Amino acid sequence: MDIQTDLCTVRSWRRADRASLARHANNRRIWRNMRDAFPHPYTLADADAWLDRAESVRPETNFAIAVRDEAVGGIGLTLHSDVHRYSAEIGYWLGEAFWGRGITTAAVTALTEYAFSSLDLRRLEAGIYSWNPASMRVLEKSGYRREGVMRHSVVKDGQLIDQVLYAATRDDALSLGEAVA
């Protein structure tokens with residue numbers, strides 16, 4: 001997959017992304033806002049394991065965020081099953097050197113449109129740690145709505161914190177005038 005935006009490209013991961021993935025992901029400030037499965041420190045071996053995983057998932061749901069063809073972040077979907085089969089969780093991170101430029105918003109918007117038009121999904125959701133208002137703004141700018149607060153639902157970095165739930169539906173996207181099949 002390869003989606004061009006004005007600020008970045010959302011594309012398939014490549015083996016050549018190994019070094020840039022490890023370099024940009026190896027950041028405690030990023031790790032603090034990710035699930036514990038995202039390692040810190042982030043090594044070349046971790047990058048290899050991630051690339052193996054990203055290559056093996058079908059349909060493809062994990063993508064690089066690239067700037068000038070360098071992988072500087074990641075974005076993906078976790079598809080749900082059973083009664084939640086028309087829903088997925090969206091997650092993302094971006095190398096700190098690229099924060100504050102609108103890149104993440106462009107990537108989230110692009111992947112959201114792709115998910116609704118190509119994967120037969122009706123709902124995307126994201127749980128944002130309460131200490132991360134920048135990520136909440138990304139979702140709001142991308143058309144997601146705040147649905148609620150899950151109090152004391154996450155333990156991260158030794159702290160019990162709230163998680164703020166955001167979601168977008170295919171109907172929301174249609175009402176915004178996006179071209180969703």
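Trainee: Leaving aside neighbours within four places in sequence, which residues is Asn 62 in contact with?
Mentor: This is a predicted model, where local features need pLDDT of at least 70, side-chain atom pairs count only at pLDDT 80 or more, and totals for chains, interfaces and linings use all residues. Residues are numbered from 1 along each chain as its sequence is written, and side-chain values use heavy atoms, with hydrogens and water left out. Contact means heavy atoms within 4.5 Å. With neighbours within four places left aside, the partners of Asn 62 are Trp 13, Trp 50, Ala 54, Val 57, Ile 75, Gly 76 and Leu 77.

Trainee: Is Asn 62 buried or exposed?
Mentor: Asn 62 is found in strand β3. Strands (E, at least two residues) and helices (H or I, at least four) are DSSP runs, numbered from the N terminus. Buried means under 20% relative accessible area, exposed over 50%, and partly exposed in between (1.4 Å probe, protein chains only). At 11% relative accessibility, Asn 62 is buried.

Trainee: How many Å separate the C-alpha atoms of Asn 62 and Glu 147?
Mentor: Along the chain, Asn 62 and Glu 147 are 85 residues apart. Their C-alpha atoms are separated by 25 Å.

Trainee: Which residue meets Glu 147 in a salt bridge?
Mentor: A salt bridge is a side-chain nitrogen of Lys or Arg within 4 Å of a carboxyl oxygen of Asp or Glu. Here the N to O distance is 2.6 Å. Glu 147 lies in strand β7 (residues 145-156) and its partner in strand β6 (residues 123-129), so the pair ties together parts 24 residues apart in sequence. The partner of Glu 147 is Arg 123.

Trainee: How many salt bridges does the count come to?
Mentor: Side chains of opposite charge can pair when their charged atoms come close. By the 4 Å rule, the count comes to 16.

Trainee: Which residue forms a salt bridge with Arg 14?
Mentor: The closest N and O atoms of this pair are 3.0 Å apart. Arg 14 lies in the loop between β2 (9-12) and α1 (18-25), and its partner in the loop between β3 (62-67) and β4 (70-79), so the pair ties together parts 55 residues apart in sequence. A network of salt bridges links Arg 11, Arg 14, Asp 17 and Asp 69. The partner of Arg 14 is Asp 69.

Trainee: Which residue forms a salt bridge with Arg 18?
Mentor: The closest N and O atoms are 2.6 Å apart. The pair links helix α1 to helix α3 (residues 44-56), 30 residues apart. Arg 18 is partly exposed, at 32% relative accessible area. Its salt-bridge partner is Asp 48.

Trainee: At what angle do α1 and α3 pack?
Mentor: Axes are lines fitted to C-alpha atoms, for helices over the stretch in contact, and angles run from 0 to 180 degrees between N-to-C directions. The axes of α1 and α3 are 8 Å apart. Their angle is about 115°.

Trainee: Which residues of α4 are buried?
Mentor: Helix α4 covers residues 103-118. In α4, 12 of the 16 residues are buried, so the helix is largely enclosed by the rest of the structure. The buried ones are Ile 103, Thr 104, Thr 105, Ala 106, Ala 107, Val 108, Ala 110, Leu 111, Thr 112, Tyr 114, Ala 115 and Phe 116.

How values were computed
Expected span 1.5 Å × (residues − 1).
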